[in-house]
Amino acid sequence: MYQKTIQDTIQFIEKNLQENLTLDSVAKFANFSKYHFHRVFLKEVGISVMEYVRNRRIANSSSLLLYSEMKIIDIAIYFRFETQESFTRAFKKVYQLPPGQYRKLMSKVTIQKEELKLSNEQNVKGWILSGSHPYHYEIGVDRKVFHTGSSSGYIKSKSAVSSGEFGTMMQEFMAEKYRGKRMKLSGFLKSAGMDGFCGFWMRVDNSVGDVLQFDNMGDRPITSDTEWNHYFIVLDIPETSSMISFGVLLSGNGQVWVDELRFEEVDDRTPTTNIDFSKDIQEEPMNLSFEES
């Protein structure tokens, strides 16, 4: 119900992290009262509006500490912290280190990880690479581009990909713990170099492999280059479910980053996004003599 509003608002926030963002100004952009918008944003994204703004500013500042020569005071001012001391407190709360020490220690660690990454590109704990032509894609961990924390996952094309080919960075697990529940997969995606589409997908199968529930964001695909934004899928897990699969799909060329995934139970007031294939099935045979235009 509110997904488009939330996505438009996050896009507004991402473009204005260096500006004086307040709950009032963000709610005004969304055309809601600040109290109503606070509740909507918290419910959909999982954190408050201003916590989201603060987390994104801290995440961006950590990247500047590692990959730029900007002074700490300049980074603090750039991301609208009143003093270097207030920036240090906020930064230390997230990364457990003050900015100066973080830059000194983590720069060395980052270089070592980047060197390891070159020889271990496809090894991402818990994730597998699949799809129609997986050898045309690669998955990995990116420590320069992330939403929060210090890294994100990604899938990207590594050779010329023809129309209709796709790769996916995915997981699958047993459905037993989730039977009879309505589950929401949500997270943040960022895309670049797109000439096809990308998005989350999620599928629920029974023990013989029949698809019980499925959504691949086919009615709301990401088809252009985007900054970080919030997306979700909601599916019911029937009592006959055996396996749940989910992942990030990339069709065609480009790269997609994924971060802050959540898999959580929601109540019946949250509508599902399941693709209902039965609505395309006719109720009875028609045009059997081929005379109808």
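A residue counts as buried when its relative accessible area is under 20%, as exposed when that area is over 50%, and as partly exposed in between (1.4 Å probe, protein chains only). Q84, at 29% relative accessibility, therefore counts as partly exposed. Welcome to a short tour of this structure, which is a predicted model: local features need pLDDT of at least 70, side-chain atom pairs count only at pLDDT 80 or more, and totals for chains, interfaces and linings use all residues. Residues are numbered from 1 along each chain as its sequence is written, and side-chain values use heavy atoms, with hydrogens and water left out.

**Around Q84**

- Q84 belongs to helix α6, which covers residues 84–95; helices (H or I, at least four residues) and strands (E, at least two) are DSSP runs, numbered from the N terminus.
- If we set aside its neighbours within four places in sequence, Q84 is in contact with I72, I73 and A76, where contact means heavy atoms within 4.5 Å.
- Between the C-alpha atoms of Q84 and T270 there are 42 Å, and the two residues are 186 residues apart along the chain.

**Helix α3**

- Helix α3 has twelve residues (34–45) and reaches 16 Å from its first C-alpha to its last, close to the 16 Å expected; the expected span is 1.5 Å times one less than the number of residues.
- Which residues of α3 are buried? They are F37, V40, F41, E44 and V45.
- These residues cover an arc of only 100 degrees around the axis, so they sit on the same side of α3; the arc is that of the directions from the helix axis to the C-beta atoms.
- Turned away from the buried side is a face that carries the exposed residues Y35, R39 and K43.
- The cover over the buried residues of α3 includes the helices α1 (3–15), α2 (23–30) and α4 (49–67), along with the strands β5 (182–192), β8 (226–236) and β10 (255–266).
- After α3 comes G46, whose phi is positive, near 100 degrees.

**Salt bridges**

- The structure holds 13 salt bridges, each being a side-chain nitrogen of Lys or Arg within 4 Å of a carboxyl oxygen of Asp or Glu.
- One of them links K34 with D24, with the closest N and O atoms 3.7 Å apart. K34 lies in helix α3 and D24 in helix α2, so this pair ties together parts that are ten residues apart in sequence.
- In the bridge between R203 and D205, the closest N and O atoms are 3.0 Å apart. R203 is partly exposed at 25% relative accessibility, whereas D205 is buried at 9%.
- R269 forms a salt bridge with D267, with 2.7 Å between the closest N and O atoms. Here R269 is exposed at 74%, while D267 is partly exposed at 33%.
- Salt bridges that share partners also join K43, E44 and K184 into one network.

**The sheet**

- Strands of a sheet pair through backbone hydrogen bonds, either parallel or antiparallel.
- An open sheet of five strands runs in the order β2-β3-β10-β5-β8, with antiparallel pairing; two strands pair if DSSP finds at least two bridges between them.
- β2 (137–142) and β8 are the edge strands, each pairing on one side only.
- On average, neighbouring strands of this sheet are turned by 30 degrees against each other, direction ignored.
- The antiparallel strands β5 and β10 are joined by ten bridges, and the bridge partner of L185 in β10 is F263.
- α1 packs on the sheet, where it touches β5 and β8, and its direction makes about 155 degrees with that of β8. Axes are lines fitted to C-alpha atoms, for helices over the stretch in contact, and angles run from 0 to 180 degrees between N-to-C directions.
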